[in-house]
Amino acid sequence: MIISLASDPVPSKAILGVPVRWLSSASLPETGASRAILGVPVSVLQSALITPRSGAEREMEIGVYRREYGAYWAEKGRREFERLLGRGSSDEEPLHERFADLWTREALDRLAQHLESAPEGAATERLALERLVSAVRFLRLEEAARPVSEELARCERAASKRWEEACDEIAEESDVFRRRALALKALNALGPCDDLRCARYALFDEEARILGSANHLALREAALPTAFSALVAVADRFLERTAEVYAARLREHLQAEAAYAPDLSYADELRFRRLAPFDGLFPAEGLDVIWRAAVEALHVKLDRLADLVVEIGPEGAKEAACFAVDPPRDVRLVVGRSGGLSRYLRLFSEVGRAQYFVWLSPEMADRYPEFVYAPERATEQGHAALFRHLWLDPRWITEHRGLTPTEAQAVARAVALLELHDARRRCALLRVFTETVGGTNVGEAQKESYASSLSEATGFRYEQATFWLDIEAGWDAVTELRAQCFALIWRDRLRTRYGRAWWRSRRARDELIDVWNTGARYHLEELAPLIGAGELDYESMAEMMVEALQVG
């Protein structure tokens, strides 16, 4: 049976130059049997997972499990969407109770048995099962730490202000003294919950050892095609390659807005990331207009995207967000209500994610939800970054926002500087994250090394107080650095093949849709060569980022 990964409106006999027949296997299970038993209670299905079976019964079991796995993430996305709009409950217990059978150790053992018994020739099935096993292993980590996670949430709610809200307030404050005073108060409020963050990390390691890995870092690394050590090595070279130009451009940028000081602090970094000097050029009312124009410029007619639900966020919703409720049939995009360049950038990241989800192959999404809700989300974030990188092009900015060439060049340089800042921060955090094993053995020396590394990479002074917050975000740094590299080299390929204004090319649209069709079937390291962009080359990434800073 052949699984077509081509889109409906832009049919293709090959995906990314790879014949569709390469993605097929005569041994792939049919889906009819799994549809026939969707009404069977999960508890009954769980017992079937534990009891070894064979043939059609085994195919039926894994089919139903996959449907429940997809249903879990769909329901999670729907709840998050409703909660953002102020229509849903924050109580996650009903969701946990309904789907708890998905991530038991017994279920994981049974999935491993399915993988072991899958025929060697069934390449797609084996790959999908590998992703599914990795995804459930990640869920097992969260389940093992759930009691501490709940206590941590209570501890954070007890603070006078949530960390995210405090950071927003700090970033909005233009007065440097008031900004730093707000930051000091917020940083001091982190301390009472750090023991719980530490304990949560230790529980991750404990569960990972039960699952057969040395620690949770080794378990996560097993889901990647590249070793952490290799990523750390290229990250170190990236930092060295971009250090001088980053420091110079950061100084110029801050001096231009009279915000430069020799002792730039964490509070000043939050302000820098807001790109507040450009607020007057990016009003809130332009948000819903510009993303629609950008998508239609690619010859994607919005009236054909019936499965994309778009809503304007409620009062107080500053940022955009995308929710993959049941992709590709139900994808929801919320447009924020606050203007400013940083929020336009966030919107375009979310629009990129929405396009990725809404153009997924429905056949693939039905059969392999693990190619939709993957254990690591770098592919999804790569598509988000590609859309965000439209803002590196002054010509695109002039055409879509109506700015003068001088204004557009200033905006593009600021975006390029922010992208380089974020990449350097991720590179530094990558090393710290991969060197932090366990929670109880982390001492002051390691926290000081963290603060020193992040300060040197970003140009802003970090404190030890944010150590555990950033360690918790370490896996995201791994994901987003790879996504950023992929987006830049894909953008370069699109410009080479379809012209610098590739964002107006029908042929570029066709390529994008072909790639979106495949979901997360490929790691970015595999996808980049398939689309003709070569390997994920961080040296080239550094060169492209430095070049982007020279625009105009």
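## The disulfide

A disulfide here is a pair of cysteine sulfur atoms within 2.5 Å. This is a predicted model, where local features need pLDDT of at least 70 and side-chain atom pairs count only at pLDDT 80 or more, while totals for chains, interfaces and linings use all residues. Residues are numbered from 1 along each chain as its sequence is written, and side-chain values use heavy atoms, with hydrogens and water left out.

By that cut-off, the count comes to one disulfide. The partners are Cys-155 and Cys-193, with their sulfur atoms 2.0 Å apart. The torsion about their S-S bond is about -95°, so the disulfide is left-handed. The pair ties together distant parts of the chain: Cys-155 sits in helix 7 (residues 146–158), and Cys-193, 38 residues apart from it, is in the loop between helix 9 (176–188) and helix 10 (194–210). (Helices, H or I with at least four residues, and strands, E with at least two, are DSSP runs numbered from the N terminus.)

## Buried cysteines

Buried means under 20% relative accessible area, exposed means over 50%, and partly exposed is in between, using a 1.4 Å probe and protein chains only. Cys-155 and Cys-193 are both buried.

What about Cys-485: how far is its sulfur from the closest cysteine sulfur? The gap is 9.7 Å, to Cys-427, and that is too far for a bond. Cys-485 is buried too, with a relative accessible area of 0%. For Cys-322 the relative accessible area is 6%, so this residue also falls in the buried class.

## Helix 13 and its cover

Helix 13 (residues 266–274) has eight of its nine residues buried, so it is largely enclosed by the rest of the structure. The buried set is Tyr-266, Ala-267, Asp-268, Glu-269, Leu-270, Arg-271, Phe-272 and Arg-274.

Who does the covering? Among the elements over those buried residues are helix 8 (163–172), helix 12 (228–256), helix 15 (341–358), helix 19 (405–435) and helix 20 (444–458), along with helix 9. Contact means heavy atoms within 4.5 Å. Just after helix 13, Leu-275 takes a positive phi of about 50°.

Next up is an open sheet of three strands, in the order 3-5-4 and with mixed pairing. Strand 3 (308–312) and strand 4 (321–326) are at the edges with a single partner strand each, so one side of each has no neighbour in the sheet. Neighbouring strands are turned by 20° against each other on average, direction ignored. Two strands pair if DSSP finds at least two bridges between them. Strand 3 and strand 5 (residues 330–335) pair in the parallel sense over five bridges; Leu-308 has Val-331 as its bridge partner, and Val-309 stands opposite Arg-332. Strand 4 and strand 5 pair in the antiparallel sense, also over five bridges, with Ala-324 partnered by Val-331. These two strands form a hairpin with three residues between them.

Strand 5 has six of its six residues buried, so it is largely enclosed by the rest of the structure. Asp-330, Arg-332 and Val-334 point one way, while Val-331, Leu-333 and Val-335 point the other way. Helix 14 (residues 287–297) lies across strand 3 and strand 5, running at about 155° to strand 3. For such angles, axes are lines fitted to C-alpha atoms (for helices over the stretch in contact), and values run from 0 to 180 degrees between N-to-C directions.
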